[in-house]
Amino acid sequence: MKIVVAIKQVPDRDAPVRIAPGGKWIDETDLQWAMNEPDAYALEEALQLKEKNGGEVVALSAGPERTGQTIREALAKGADRAIQVVCDDLGTRDALGVAKLLAAAIKPENPDLVLTGLQSEDIGLGQTGVIAAELLGLPHATLILHVEKTDAGVTVKRELEEGWFQSIEMPLPAVLTMQSGGTKLRYATLMGIKRAKTKELKSVTAAELGADAAPVVVLEQIALPKKQKSTQILPGSPKEAAAALIEKLKTEARVL
Amino acid sequence: MSGILVILEERGGRIRSSSWEALAAALKLGPAQDITAVVIGAQTAALAAEAAAKGVGKVVRVEHPLLAPYTADGYCAALEQLLQNQGPTQVVFPHTYQVRDYAPALAARMGQSLIGDVVAIEDGAVFTRQLMQGRLNANYRHSGNGPCFVSTQAGAFRADAVDALAGASPATITTFTPNLDASQIRTEPGEPFREAAQTVDLGSAQRIVSVGRGIKEEQNLGLVKDLAAALGAELAASRPICDNGWLPMERQVGSSGQTVAPKLYLAVGISGAIQHLVGMKGSQCIVAINKDPDAPIFEVADYGIVGDLFEVVPALTETVKAAK
Ligand SMILES: Cc1cc2nc3c(=O)[nH]c(=O)nc-3n(C[C@H](O)[C@H](O)[C@H](O)COP(=O)(O)OP(=O)(O)OC[C@H]3O[C@@H](n4cnc5c(N)ncnc54)[C@H](O)[C@@H]3O)c2cc1C
Ligand SMILES: Nc1ncnc2c1ncn2[C@@H]1O[C@H](COP(=O)(O)O)[C@@H](O)[C@H]1O
């Protein structure tokens, strides 16, 4: 099975969020970057499928130069090779624009399976995989926790709301968007990190792929959310705050 | 091109309340008489009647035997035909798991891009959605030709706004029969199921101490377990804690876990992503402990302590024990 995994580099969760001058994107200076969490699960599922069924895992990421660091992490964990689509305008592309980039890079690979995360932690469109499937003319399923290869294609376990699940049978090739938590993530080994340096990393630009960027949906302005609720913040040392809270819960909220 | 379509979703034969929220959002885009409510499935008569009573302009039943069970292929094909036929300026959906599954593909098929998970609509069709897991808001505008696709975040618009419309004479109902062929539907969905029987019932708990990724390591869980024990509370968690296998999934609160409404919900090291909030914001009293004063959890909390949970939680446990 040849599997392409779409992996996005996103700001590290604990990174401070500041709005860039101009108000259209965040200030990226001094930010730490990480692999989008659901994409790490997509990569893990791909590696396990390969270990069971043979084949190849290709990591695909679109973004500026810095994305290379996350791609090497994917290679170190076990992806066989990688494609980097170099572009600097991810923040202003709409969902269709991002998916066009990925679909254009995926198409010539003719994979059996494309795995994406279900949602990115920064822009959080929750759409890119589904649109890529549409652009590639492939069937898709979303919120997938587990993939099993069958004679006819794959059986996937899909998460529904409120603790329900569903199995879906589908033919290959197909696109799946992966939910977190379906399996345990592996760490890159020292050996893996060494090997990653020798693996193929192909770089293409958005222009070379011919994926146009004119957005239908335009981001106009970013702002901090307005506070709507006034939370009573209890000040003081941890001890003082704790004592004040318990007192409030007893006498004011009456829940203790 | 004219008019607004709202695509309603059902569950168990009734329109889901998130669909009424989408309809409430549509009222910010135009008057009720310009709104067409769409019900879709293999048997839609009762759903259509429910929608018609809300006093919208029109109701359309998109009905075909191949539309049950739900598949993305079936819904995309059917709704594409409806949209070609109706030529709306805007199409509004509730942002449910089902909508996430097909609406982006439907929009793309029509050369459009869905503005997903919208939390506010301002004059002039400016749509606000969240970035960075609720830490930022971004305003978007649709600029292309063709319909503007929008989905609304759970709880962001008030479902009861549409009740005011009711009382007017019921809307006319028409049926639209799409051309569908079984070969167009490439996936074969199975029946919904649950994992093994639940052993904890968080839904009836009076007090809940809930722990998030701020706890950092599995071995630190003892801290919150002690607090829960002192308070006589059940222990719950955000998704990453259950994803890591530190607590069983039945203790997960949120859109894909349990919905709880205890007297006291104490969130420790939880940021307050929307998928978590929908599972607990009905709690009577919410307390948040977080080192980040801007964490979105404070947007729903009644009381907060901004600080390091590794100092605050033991202090709380001690205070509770001392008072006994
Ligand atoms: C379709 C879908 C379904 C989902 N379903 C669910 C669901 O059912 N339930 C759910 O919870 N999530 C769900 N999620 C995930 C959700 O989007 C968030 O990723 C998740 O809730 C974040 O969990 P968290 O708050 O524990 O972690 P984080 O977002 O990482 O937050 C950790 C918090 O801890 C704080 N912190 C760190 N260190 C300390 C310290 N020493 N002292 C005090 N505070 C500290 C940080 O400031 C931060 O606010 C879902 C996501 C998707 C896309
Ligand atoms: N720039 C990108 N490079 C690679 N994959 C991406 C990129 N943007 C989005 N994706 C994939 O699409 C998924 C959903 O992203 P989004 O639609 O932005 O929420 C992510 O989890 C990734 O798998």
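How many residue pairs are in polar contact between chain B and chain A? The count is 51, with both residues at pLDDT 80 or more. The views below come from a predicted model.

**View 1. The interface between chain B and chain A.** Here 81 residues of chain B are in contact with 84 residues of chain A. The two chains bury about 7,300 Å² between them. Carbon and sulfur atoms carry 54% of that area.

**View 2. A salt bridge across the interface.** B:Arg141 and A:Glu220 meet through their side chains. The N to O distance in this salt bridge is 2.8 Å. Between chain B and chain A, the count of salt bridges is 10. On the side of chain B that touches chain A, helix α4 (residues 97-109) of chain B gives the largest share, 8 residues. That side of chain B divides into 33 nonpolar, 25 polar and 23 charged residues.

**View 3. Strands paired between chains.** Strand β9 (residues 164-171) of chain A runs antiparallel to strand β12 (residues 188-189) of chain B. The two strands are joined by 2 bridges. A:Ile168 has B:Pro189 as its bridge partner in β12(B).

**View 4. The site of ligand 1.** Ligand 1 is surrounded by 34 residues. The closest are B:Ser238, B:Ser256, B:Ser271, B:Gln275 and B:Asn290. The site is shared between chains, because residues from chains A and B surround ligand 1.

**View 5. Polar atoms around ligand 1.** The side chain of B:Ser238 places an N or O atom 2.5 Å from an oxygen atom of ligand 1. A polar side-chain atom of B:Gln275 is 2.7 Å from an oxygen atom of ligand 1. B:Val253 uses its backbone: an N or O atom there lies 2.8 Å from a nitrogen atom of ligand 1.

Conventions
Residues are numbered from 1 along each chain as its sequence is written. Chains are lettered from A and ligands numbered from 1 in the order in which they are written. This is a predicted model: local features need pLDDT of at least 70, side-chain atom pairs count only at pLDDT 80 or more; totals for chains, interfaces and linings use all residues. Side-chain values use heavy atoms; hydrogens and water are left out. Contact means heavy atoms within 4.5 Å. Buried area is the accessible area (1.4 Å probe) that two parts lose on being put together, summed over both. A salt bridge is a side-chain nitrogen of Lys or Arg within 4 Å of a carboxyl oxygen of Asp or Glu. A polar contact is a pair of N or O atoms within 3.5 Å; within protein, one must be able to donate a hydrogen and the other to accept it, and residues adjacent in sequence count only if both atoms are side-chain atoms. Helices (H or I, at least four residues) and strands (E, at least two) are DSSP runs, numbered from the N terminus. Ala, Val, Leu, Ile, Met, Phe, Trp, Tyr, Cys and Pro count as nonpolar, Asp, Glu, Lys and Arg as charged, and the others, Gly among them, as polar. Two strands pair if DSSP finds at least two bridges between them. A residue is near a molecule or strand if one of its heavy atoms lies within 4 Å of it.
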